[in-house]
Amino acid sequence: MTLLGPFRLSDVHIPDPYPLYERYREDDPVHRADDGWYLFRHADVTAVLSDRRYGRGGLPAPLPAGCPHLRRTASDWMVFMDPPRHTRVRALVARSFTPRVVERLRPRVDELAGRLVADLAETLDEDGRADLVDRFAAPFPLLVISELLGVPADDRPWFRARAVDLQQATNARAARRSDAYRVADTAARELDAYFRAQLSRRRTADPAGVGDKGDLISAMLRAAEEEPLGDDVLVGTCVHLLTAGHETTTNLLCKGLLALLAHPYQLALLRERPESLPGAVEELVRYDGPVQLISRRAHEDGEIGGRTIRRGEKVTLVLGSANRDPRRFPHPDRLDVLRDARRHCGFGLGAHYCLGAPLARVEAETGLRRLLTGLPGLRLAADEPDGPVRYADDLVFHGPSRMVVRADR
C-alpha cells in the first residue's frame, strides 16, 4: 500500500476529480483524513448506504446562530433525518410522489423542454452561442418542480431567485461569500412564508388531490390527514424538493451533454438508437454524476475494510469514485451508453435512496433529447477566451456554473 497524505477537498481538480479518486481507491480505499473517513470503493460505499448502523444524525455542520429560518427549514428535510422520523416523512412523500405521478407529468416536461430549447435557438447571439446553464439547464428543472408543486406561473421567476439564494448555504459557497448565510436565511424565511400560504390556500379551496390532476402539495395535504406530521414538516419538504431537484438535475443535464460531446461515437450511437436513451442516462449518472460526495455518521462502532470506525465518526462516501470502481464496472473510465449501469450509486441506496430519481430520469431523457434534436450542430464554443466551461467550486453539487455552446442557426 502506498502511503497517501490526508484527502482534502481543496486538493481536488474540480473539472476532473477521477484521477485523484483512483489513487485513493487503489492505495487507501478506507482512508482516514482530518475530518473523518473517506470511502472510495463501490462495495464499501454501497455497504454503508444499505446499513442502518450509519445515518445522517441531523444537519452535517452547525449553522450560524443568525440563521434561525434556515436552521428550522433544513431540520425538516428528509435528507438530514434518521428513522423513525425519516420513515414517517418519506412515507408521506412517497405516497404522493409516485413513479405513476411522474409518468403522468412526462408530456408536460417535454413541452417545457421543447419551449426552452426553441427559445434558446431563436435567441442565440450573432455567433450562434448561448450559455446552456443559464438558458436551459438551470431554468428547466425549476419549471418542472414548479409544475409538480403547483406553483403559479407568475411566481416562477421569484421562485427561481429564492432557490439560487438558498443554495448559497452550501459549505463551498459560504466559504467564498461573506453574506452567504444571510442571503440563504432570507430565502428560507421567504420560502417558508410562501409555502405556508400555499397550504392555507389549498385547505381553503379543498382542491382535488394529485390523482385527480391536482398537485403535489395538495396530495401531501391529503396524505397528511391520515398521518399528521405538522406544517413545519410539510413546508420543509416542499423547500427540500425545490433544492434537491434543482441543481442536481442542472448538473446532470450539463455533464451528460459534456460527456456525449466528448465522445462522438457514443453520441452517434445514441442518435441511431434513441430507444437506448433511458439506459444511457444511467450510464451518464455513473460516468460523471451530479453529486460526488455524501456523508453519514456511525451510530455504533464497526469495521470497514479492516479499519475500525468509531461511533459518532463522520464517514464520507465518494460516489464518484465508487461509480468508477473497476471491481464493479469493467473499463469504468470509458463511456458506454449501452452499458448496464443500473447498479451505480449516483442516486444513493437504501433508506435514503433519492425519491426524485424517477423525475430526474424523465428530465434528463427529455432534456437531452430536445437539445440534441432541436439545436442542429450543437457543440461547445471552443473559441471562448476563458474556455467554454467553468465549474462551480463545489464537489458535492458538482457541475458547470457556465457552459457556452454553439449551434447552427
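Student: Is His 331 buried or exposed?

Tutor: His 331 is exposed, at a relative accessible area of 51%. Buried means under 20%, exposed over 50%, and partly exposed in between, with a 1.4 Å probe and protein chains only. This is a predicted model, where local features need pLDDT of at least 70, side-chain atom pairs count only at pLDDT 80 or more, and totals for chains, interfaces and linings use all residues. Residues are numbered from 1 along each chain as its sequence is written, and side-chain values use heavy atoms, with hydrogens and water left out.

Student: What is its phi, and where is His 331 found?

Tutor: The phi of His 331 is positive, about 50°, although the residue is not a glycine. His 331 is in the loop between H15 and helix H16 (357–374). Helices are DSSP runs of H or I with at least four residues, numbered from the N terminus.

Student: Which peptide bond is cis?

Tutor: The one from Pro 83 to Pro 84, with omega near 5°. Pro 84 sits in the loop between helix H3 (68–74) and H4. Most residues other than glycine have a negative phi, and most peptide bonds are trans.

Student: On to H4, then. At what angle do H4 and H12 pack?

Tutor: About 65°, with the axes of helix H4 (residues 85–96) and H12 11 Å apart. Axes are lines fitted to C-alpha atoms over the stretch in contact, and angles run from 0 to 180 degrees between N-to-C directions. H4 and H12 are therefore roughly perpendicular, a label for angles of 65 to 115 degrees.

Student: Which residues of H4 and H12 make the contact?

Tutor: Arg 85, Val 89, Leu 92 and Val 93 of H4, and Val 233, Leu 234 and Thr 237 of H12. Contact means heavy atoms within 4.5 Å.

Student: And how do the axes of H10 and H12 cross?

Tutor: Helix H10 (residues 180–205) and helix H12 (residues 231–262) have axes that come within 9 Å and cross at roughly 115°. Among the residues in that contact are Phe 195 and Leu 199 of H10 and Val 235 and Cys 238 of H12.

Student: Where is confidence lowest in the chain?

Tutor: In helix H9 (residues 171–174), at a mean pLDDT of 60, while helix H15 (residues 319–322) is highest at 98. pLDDT is the predictor's confidence in each residue, from 0 to 100. The chain mean is 89, and 94% of residues reach 70 or more. Over residues 208–213 the pLDDT is below 50. Where pLDDT is low, the predicted coordinates should not be read in detail.

Note on methods: Helix = DSSP H or I, 4+ residues; strand = E, 2+ residues; numbered from the N terminus. Parallel < 35°, antiparallel > 145°, perpendicular 65-115°, else oblique.
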